[in-house]
Amino acid sequence: MSLFQVNHVSHFFGQKQVLYNIHFEIEEGSILGIIGPNGSGKTTLLHAMSGLFDVDEGEILFQGEKITSYRKKELARKIAVMSQKGTPPISFTVEEVVAMGRYPWLNFFSSLSSRDLFIVKQTLHQLGLWEKRAQQVATLSGGERQLVSLARAMVQQPEVLILDEPTTYLDIGHQMVVLEHIRRWQREKGITVIMVLHDLNLAAQYCSQLLLIHDGKMESLGKVEEVIRAEEIERVYQTKLIVVNHPKLKVPQILLQA
Ligand SMILES: Nc1ncnc2c1ncn2[C@@H]1O[C@H](COP(=O)(O)OP(=O)(O)OP(=O)(O)O)[C@@H](O)[C@H]1O
């Protein structure tokens, strides 16, 4: 059985239809990239798959059950969500914010155990945040807050990681750092990753499957080379481009053509 089954999903905001008959499945352990132009419905689909709301038509099944039928805490033990904005600039320290990722595992009124604290410490080290652990999140750069957000998701020890544009505020070096961490984590723990990415070249390098949506409709779904095809990407994004093969990684890469 597939981990996620998105069955003929349509959704409206008021009179406006934003998703049209979206239908696909996700296998456990895969990395699915959701791509598409601005306003095409990527975040709406991601939110629906996170169980944030009931879709108007169709259904989303996670491990065979309707995603909205799970209790909040139960779902938080299985799915970690890293939002588009990363961690907001709040007045907690890095360590406190990362430790919040352990909350789904705590019983009522219990505090963090030595094991919880060990997981937090280990993750802070892994993501290079140990030196900044006592710093207020509000004083971090956008990129550092993104890493804090990833660290909090990691300590949650979920089966699925859902990310909305995890590289938005990052320079190219930090984009690679974040995506390498995600990939290593996915390989070591066998978790499933679903992420919205605007950078099609990064999507081609890091995802095992891509879903291209446009105006709320599925344009294509499949392996990277099946989805990153010049004619289709040109049509959907309304821009001139060339698709080349990455000389080392052998995945399609896009060169823009003014
Ligand atoms: N809560 C809402 N109420 C009304 N309309 C909404 C709401 N959320 C999203 N929309 C609309 O739904 C459409 C899809 O939005 P969505 O955020 O899912 O797109 P997206 O592909 O993630 O865009 P982007 O790449 O710009 O982040 C947009 O037209 C947006 O204005």
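This is a predicted model: local features need pLDDT of at least 70, side-chain atom pairs count only at pLDDT 80 or more; totals for chains, interfaces and linings use all residues.
A residue counts as buried here if 20 or more other C-beta atoms lie within 10 Å of its own. Apart from neighbours within four places in sequence, methionine 82 is in contact with Ser149, Leu150, Ala153, Leu163, Asp164 and Pro166. Further along the chain, valine 94 comes 12 residues from methionine 82, and the C-alpha atoms of the two are separated by 16 Å.

Helix 5 is mostly covered, with 12 of its 14 residues buried. The buried residues are Glu144, Arg145, Gln146, Leu147, Val148, Ser149, Leu150, Ala151, Arg152, Ala153, Met154 and Val155. The length of helix 5 agrees with expectation, because its 14 residues should span 20 Å at 1.5 Å a residue and its end C-alpha atoms are 20 Å apart. Just after helix 5, glutamine 157 takes a positive phi of about 45 degrees.

For helix 5 (residues 142-155) and helix 6 (residues 172-189), the axes come within 11 Å and cross at roughly 5 degrees. Helix 5 is therefore roughly parallel to helix 6, since angles under 35 degrees count as such. On the helix 5 side the contact is made by Gly143, Gln146, Leu147, Leu150 and Met154, and on the helix 6 side by His174, Val178, His181 and Trp185. By class, the residues of this contact are 5 nonpolar and 4 polar, with no charged ones. Leu150 of helix 5 takes part in this contact and is also one of the residues in contact with methionine 82.

The remaining site is the ligand. Phe13, Val18, Gly36, Asn38, Gly39, Ser40, Gly41, Lys42, Thr43 and Thr44 surround the ligand. Helix 1, residues 42-49, gives the most to this shell, with 3 residues. The shell around the ligand has 7 polar, 2 nonpolar and 1 charged residues.

Key:
Residues are numbered from 1 along each chain as its sequence is written. Two residues are in contact if their C-beta atoms, placed from the backbone, lie within 7 Å. Axes are lines fitted to C-alpha atoms, for helices over the stretch in contact, and angles run from 0 to 180 degrees between N-to-C directions. Helices (H or I, at least four residues) and strands (E, at least two) are DSSP runs, numbered from the N terminus. Angles under 35 degrees count as roughly parallel, over 145 as roughly antiparallel, 65 to 115 as roughly perpendicular and the rest as oblique. Ala, Val, Leu, Ile, Met, Phe, Trp, Tyr, Cys and Pro count as nonpolar, Asp, Glu, Lys and Arg as charged, and the others, Gly among them, as polar. A residue is near a molecule or strand if its C-beta atom, placed from the backbone, lies within 6 Å of it. The expected span of a helix is 1.5 Å times one less than its number of residues.
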